[in-house]
Each structure stands twice: as structure tokens, then as C-alpha cells.
Amino acid sequence: MSLVSLVWLGAGLSLLLGGAFVAIRGASRLGEALRLSPTTRGLVPIAFAASLPELSVAVWATGRELDLPALALGDAIGGVVANFLLALAVAALALPLVISPRLLRFAFPLASLASLASLATLAVAWTGEIASIVGVWLLLTAVVGPVVAIVLDRRDATPPSHRKRERSKRVATKPAEPAPPVRSKQASAITALSCFAGAAAIYFGTRWLLIHSPELADVLRLDEATYGLTVLALVTTLPEAVACLILTLRGDREGAVGVVIGSSLLNLTAALGLAAMRSSEGLEVPPVVFELAIPIGIAAALACVPSFYGMRQLSRASGLGLFAFFVAYFVYATVGENWYRQDDPVEAQETRFYAMFLIAIGLIVVLSAIAMFERLAQKARLADE
């Protein structure tokens with residue numbers, strides 16, 4: 001790999017990550033200006049800004065100039081795995097994530113949409129190809145998710161018993177509406193410009209990154225799909241991980257969990273649907289995606305259910321478990337696939353199945369055991385008090 005290619009890779013990576021952070025900051029301010037709750041800010045605008053790298057990869061990788069559809073597919077699916085196993089782990093290791101009932105009310109319908117998209121993707125991937133019409137359906141699902149989140153946010157913002165009382169107060173007092181200050185207009189304009197500038201930086205940075213990615217994949221001895229599932233997914237998930245970490249340290253833990261759920265939903269629907277729709281012949285699903293990444297992505301989401309709904313928090317121990325299984329997944333996908341890529345395909349399929357089974361089932365068992373142990377310890381403390 002030449003020095004020029006490394007320079008262009010570094011420039012594309014810097015532009016992509018810098019643009020993502022600018023877009024995330026602008027999206028956060030936009031959510032505040034729209035008076036969205038912290039949960040909805042994480043689920044919708046911040047998650048969308050954090051998912052712009054995956055969306056940009058889907059656009060560039062399926063274009064005629066590059067024609068790397070397996071890279072787009074691997075990045076979309078690998079991003080879901082990295083969101084739950086890496087971004088959520090980073091936030092939980094910083095501070096235990098307390099899951100409020102409000103977040104569960106928001107997360108359940110969106111998680112249901114993501115589960116339907118995951119199961120549909122798994123069913124379609126069984127045939128070995130994701131057709132363009134399926135991409136259209138996934139894109140429609142991507143539109144429904146944010147709309148559901150905003151509607152729930154508006155409905156949940158004011159309890160029904162207080163709506164009439166507040167309405168009568170507004171009618172009785174009729175306060176004069178002050179003119180919006182000039183500074184707020186300037187701030188809104190700056191926020192909009194920062195969002196557009198960040199999106200543009202991501203768009204062009206992704207192109208530079210993808211042009212020289214095949215050379216790096218050859219150096220690492222990875223095929224397109226495996227490279228997208230691991231190295232590229234790790235790069236495009238860094239904005240989600242940093243956003244989750246910053247929100248957690250600021251005390252907005254609901255927003256951090258919202259970013260993971262919202263970004264994963266967008267990866268499964270918008271990014272994957274866009275890639276499938278732009279591919280005239282559909283997306284071919286390699287065995288490593290269907291037999292390894294998709295089951296582990298579903299298991300990663302299911303593994304968090306006992307902590308979310310049982311303990312109402314994701315502790316540091318659970319975060320450490322998520323991170324450990326991400327390392328196991330990443331190491332096997334990058335190293336294990338190299339061992340069996342040139343050997344018997346049947347033996348490779350069996351080995352991949354065993355690795356998927358151990359990681360997926362082990363992830364669910366370990367996180368369930370941690371949640372159960374923490375629940376018992378909590379009951380023991382309450383009994384002593």
C-alpha cells in the first residue's frame with residue numbers, strides 16, 4: 001500500500017469524523033431549539049447525524065464509480081453490532097446508564113420496528129439477496145420510526161389531565177408574545193450551517209476513504225464484506241460512541257441510549273434500504289453477513305433486555321461484558337475468516353456457525369446472569385435496610 005493511499009485514507013477519515021462531530025453538535029442544538037425531550041433528541045436528530053457516515057457509505061459504495069455493494073452491506077450490519085457492543089459499552093463503562101420508564105415507552109415501539117427490520121432482513125438474506133423492492137420498504141420504515149418517536153414525545157410531554165388546565169390558563173392570561181431576539185435567529189442560522197457543513201464533510205470524506213479502502217482490505221487480507229463488518233463499521237461507529245460518551249458524562253443518559261437505538265434502527269432501515277435500492281440487481285448477501293453478523297446483531301439487542309426491563313439500568317459490569325464480546329466478534333471476523341477463506345467452504349460454514357453460536361448465546365447468557373445477580377444483590381440490600 002503506497003504512502004499516497006495512506007495519506008488519502010487519513011484525510012478521508014479525518015474529514016469524516018470531524019464532519020460527524022460537527023453534525024452531531026448541530027443536531028443536538030436543533031433538538032433543543034425544537035424543544036424535544038432528551039430521549040427524543042438522542043433517538044432522532046442526534047442519531048441521524050451520527051448515522052450520516054453509514055448513509056454516505058451506502059451512497060458512495062453502491063455508485064458506479066466505486067461499485068462496492070458488499071462494503072455498504074457490511075458497514076450497515078456491522079454498525080448495528082458495533083452500536084450495541086461498543087458504543088453502549090463505552091457509555092456504560094463511563095457511568096451506569098439508568099433506564100427511565102419514559103425511555104422504555106419510547107424504546108419499545110422503535111425497538112419493535114428495528115426487530116421487524118432485522119427479522120425481515122434475516123429472512124430475505126436467507127435467499128442470498130436483498131432486492132431493490134425490499135430496500136424501498138426499509139426506507140419507508142426509516143421514515144416511520146422518527147415520526148413515531150416525535151408523536152410519542154409530543155403526547156408524553158404534557159399529561160392529559162393538565163392539558164385543559166394549561167389551555168385555560170393561556171386563554172385567561174393571554175400574554176403578549178415577545179418578538180424573537182436577533183441572537184436566536186443567528187444561532188439558528190449557525191446551527192443549520194454547521195449541520196450542512198458537517199454533512200458535506202462526511203459526504204466527501206467518505207469518498208476519499210472508500211476509494212482507497214480496497215487497498216487496505218487487501219493488506220489486511222479481508223474481503224469486502226468482512227472489511228465492512230469490522231474495520232469500516234468500527235470507523236463509522238466512532239461518532240456514535242463519542243456521542244454516547246459525551247451525553248453520559250453530561251448526565252443525559254437517556255439520550256445516550258437513544259442514540260444507540262436510533263442509530264441502529266437507521267442502519268437497518270435507511271442505510272441498508274438505500275444501498276439495496278441503489279443496487280439494480282439487489283444486494284448479494286455473503287455468508288459471513290448472514291451466518292455471523294446478523295445473528296450476533298440480534299443477540300446483542302436481546303442481551304440488553306434483562307438489564308433494561310429488569311434492573312432499569314446498564315451497569316459497568318454489563319458494559320464490560322458487551323465490550324468483551326465485541327472484541328471476540330472483531331477478532332474472529334478479522335482473523336478467523338482469513339483462516340478458512342481459502343479452505344473447504346463447508347468447514348468454514350461449520351466453524352462460522354460455532355463462533356456465532358458461542359458469541360450470540362454467550363452474550364445473552366452472560367448479560368442475563370449479570371442482571372440477575374445485580375437484581376438479587378439489590379433485593380438483599382433492600383432487605384437489610
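Student: Is L93 buried, partly exposed or exposed?

Tutor: Keep in mind that this is a predicted model. Buried means under 20% relative accessible area and exposed means over 50%, with partly exposed in between. L93 has a relative accessible area of 35%, so L93 is partly exposed.

Student: Which helix holds L93?

Tutor: L93 lies in helix 4, which covers residues 69-94.

Student: Which residues form the nonpolar patch on the surface?

Tutor: The patch consists of L93, L320, F323, V327, V331 and V335. Together they have about 460 Å² of accessible area. Helix 14, residues 316-340, gives the most to this patch, with five residues.

Student: How should I read the packing of two helices?

Tutor: Two packed helices are described by the angle between their axes and the distance between the axes. Take helix 4 and helix 12, the latter spanning residues 287-303: they pack at an angle of about 30°, and their axes are 9 Å apart. Angles under 35 degrees count as roughly parallel, so helix 4 is roughly parallel to helix 12.

Student: What is the handedness of the crossing where helix 4 passes helix 12?

Tutor: That crossing is left-handed.

Student: At what angle do helix 2 and helix 11 pack?

Tutor: Helix 2 (residues 38-50) packs against helix 11 (residues 253-278) at about 40°, with the axes 7 Å apart. This angle makes helix 2 oblique to helix 11. The crossing of helix 2 and helix 11 is right-handed.

Conventions
Residues are numbered from 1 along each chain as its sequence is written. This is a predicted model: local features need pLDDT of at least 70, side-chain atom pairs count only at pLDDT 80 or more; totals for chains, interfaces and linings use all residues. Side-chain values use heavy atoms; hydrogens and water are left out. Patches are made of residues with over 30% relative accessible area and no salt bridge: like charges are joined within 9 Å, nonpolar side chains (Val, Leu, Ile, Met, Phe, Trp, Tyr) within 5 Å. Accessible areas come from the Shrake-Rupley method with a 1.4 Å probe; for residues, only the protein chains shown count as cover. A salt bridge is a side-chain nitrogen of Lys or Arg within 4 Å of a carboxyl oxygen of Asp or Glu. Helices (H or I, at least four residues) and strands (E, at least two) are DSSP runs, numbered from the N terminus. Buried means under 20% relative accessible area, exposed over 50%, partly exposed in between (1.4 Å probe, protein chains only). Axes are lines fitted to C-alpha atoms, for helices over the stretch in contact, and angles run from 0 to 180 degrees between N-to-C directions. Angles under 35 degrees count as roughly parallel, over 145 as roughly antiparallel, 65 to 115 as roughly perpendicular and the rest as oblique. A crossing is left-handed if the near helix is turned anticlockwise from the far one by less than a right angle, and right-handed if clockwise.
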